[in-house]
Amino acid sequence: MKKNLKIFWLLSKFSMKTMLDHRVGLIAFLVGKIFRFVVFFTFIYYLVSKTNYLLGYTLNQTIIFFLTFNFIDTLSQILFREVYRFRNLVIFGEFDNILLKPHHPFIRILIGGVDVLDAFLIIPYSLILFYFLIKTNVNFLNIIHYSILIINSLIIATSFHIIVLALGILTTEVDHTIMIYRDITRMTALPVDIYKEPLRFILTFLIPIGIMMTIPVKALFNLLSTQMLILSFFITFIFLEFSLFLWKMALKKYQSVGS
Amino acid sequence: MKKYFTIFYILLKQYFVYRLSFILWRLRNLLGLFFLYSLWTSLSNQKTQIFSYTPDKLVSYVLLTNILSSIILTTRTADVASEIRSGDLANYLIKPLSFLKYILSRELVDKLINSLFAIFEIIFLIAIFKPTIFIQKNIITYLMFFLAIIIATTIFFSISLTLSFIAFWSAEIWAPRFIFFVLISLIAGTLFPLDILPSSIFNLLIITPLPYLIFFPAKIYLHGFSHQQLTPFIISIIWSLILFKTMVFVWKLGIKNYNVYGR
């Protein structure tokens, strides 16, 4: 564990140094990301303040749905940025070298490239989320449930990224797959309740982004039954197992064509 | 002209080689459409009118902007930046063809394929959800609507290609494009009809070229063309001319000092 943490720290340092080499681009991306957040936040605020409710959720509640989505999404961007670069490792054969190293390949290909930009942005995002949480009347127990379910969301995010890596080996297609994941998660920037059945069911239980983004906030507002809480953890477990199964299968089929 | 038709035909065939890639791209588009459609229908189910939009006009706006995005905002001009940086541009320059006309042929193929798929996707969505949609019946409005689409396409093509030409001078080619796309996704009208914003912000936005990309053509279709839209229409024509001229100027400036080694 200590060795893995040391490697993770080393890779993160390299990633930060690489990103800081492109200062102009870094600033432009930072401005773009802040602008996107501000406008989208203002849009939701403006829209729901004019209509008063979104499917029964108050303005503050809707904002917390959006901010929680943003928090989880940014956190997974910080951790799993390296997945976006996986395709080249496969098609140029560099992945062989990683498999030969005496550490788990996930340390390099899954979490080996911490995103500096998002690591910086998570601070203001967290503060805004914290501000709205204080403004909303929630009890301590619900905050505990909310926090545990956010950790649960990160496990789902990890599983999604492992699936993308596995598909990357099987099909050499990573760019579109990861962007589809991003698009699917963006569908839950607002509560999954906005979708009609069967889409809502699919988004909650089959592609569990509803559990990832909506369920933690529902727990916060005490809108979650104990059964649903247990089911959320169960589905996460199944999903993680499935992603690891797919990864092992992909590794067996890997032919090292690029090297 | 014949050679550009041949290029058009060859590029069209290329799309059927990389089928998975294209299908996944359209799937992404469909997911975005599901989100916006569901958001606006949830809001319109609560009230009979949101801002100045009735539910059928709001739903029509979402579906229409999806088709408009597929016509106006799909582009291959981003590839030009990589071609400049890698030196592949030289392969086009030594051929007996105009590079800008070649790019235009490539754009037309991209827009044709994406528009066709977008129409199928909308039909699919209508078949599933059966929403009430608004159908415009005025011929003049249709004429002005198509003109607005041509203007919007020119504006987008010019800006996008100018951004790619940054590659003549700098390696930072993705950051300006990222900002451009963030701006488009927020203030071109793809997310929401811009006239729901407070009038002070709206009046400020219509001085810029971005609302003429999606919002303005959609507005003409939904509300008809009236004398009130004459001024914005003229503004959009002026913007398209300025931006097109700028793009040609930047191209000439960039190509004058372009060096490719090792080829």
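In the predicted model, helices α11(A) and α12(A) are roughly antiparallel to each other, because angles over 145 degrees count as such and their axes cross at roughly 155 degrees. Helix α11 of chain A covers residues 209-220, helix α12 of chain A covers residues 226-253, and the two axes come within 11 Å. The crossing in which α11(A) passes α12(A) is left-handed. On the α11(A) side, the residues that meet the partner helix are Ile211(A), Ile215(A) and Ala219(A). On the α12(A) side, they are Leu229(A), Ser232(A), Ile235(A) and Thr236(A). By class, this contact has five nonpolar and two polar residues, and charged residues are absent from it.

From the N terminus on, the order of elements in chain A is accordingly α-α-α-α-α-α-α-α-α-α-α-α. The C-alpha trace of chain A spans about 60 × 45 × 35 Å along its principal axes. The radius of gyration of chain A is 19 Å, which agrees with the value near 18 Å that a compact globule of 259 residues would have. Of the 259 residues in chain A, 36% are buried. Among contacts in chain A with a separation of 6 or more, 78% are between residues 24 or more positions apart.

Chain A is also in contact with chain B, through 27 residues of chain A and 27 residues of chain B. On the side of chain B that touches chain A, α2 (19-46) and α8 (174-187) of chain B each supply at least two residues. The most is given by α2(B), with 15 residues. By class, this side of chain B has 19 nonpolar residues, five polar residues and three charged residues.

Ala218(B) is found in helix α10 of chain B, which covers residues 215-223. Ala218(B) counts as buried because it has 26 C-beta neighbours inside 10 Å, and 20 or more are required for that class. Apart from neighbours within four places in sequence, Ala218(B) is in contact with Tyr61(B), Leu64(B), Thr65(B), Leu68(B) and Gly189(B). Leu63(B) is 155 residues away from Ala218(B) along the chain, and the C-alpha atoms of this pair are separated by 10.0 Å.

Key:
Residues are numbered from 1 along each chain as its sequence is written. Chains are lettered from A and ligands numbered from 1 in the order in which they are written. This is a predicted model: local features need pLDDT of at least 70, side-chain atom pairs count only at pLDDT 80 or more; totals for chains, interfaces and linings use all residues. Helices (H or I, at least four residues) and strands (E, at least two) are DSSP runs, numbered from the N terminus. The radius of gyration is taken over C-alpha atoms; the globule rule is 2.2 Å times the number of residues to the power 0.38. A residue is buried if 20 or more other C-beta atoms lie within 10 Å of its own, exposed if 12 or fewer, and partly exposed in between; C-beta atoms are placed from the backbone. Two residues are in contact if their C-beta atoms, placed from the backbone, lie within 7 Å. Ala, Val, Leu, Ile, Met, Phe, Trp, Tyr, Cys and Pro count as nonpolar, Asp, Glu, Lys and Arg as charged, and the others, Gly among them, as polar. Axes are lines fitted to C-alpha atoms, for helices over the stretch in contact, and angles run from 0 to 180 degrees between N-to-C directions. Angles under 35 degrees count as roughly parallel, over 145 as roughly antiparallel, 65 to 115 as roughly perpendicular and the rest as oblique. A crossing is left-handed if the near helix is turned anticlockwise from the far one by less than a right angle, and right-handed if clockwise.
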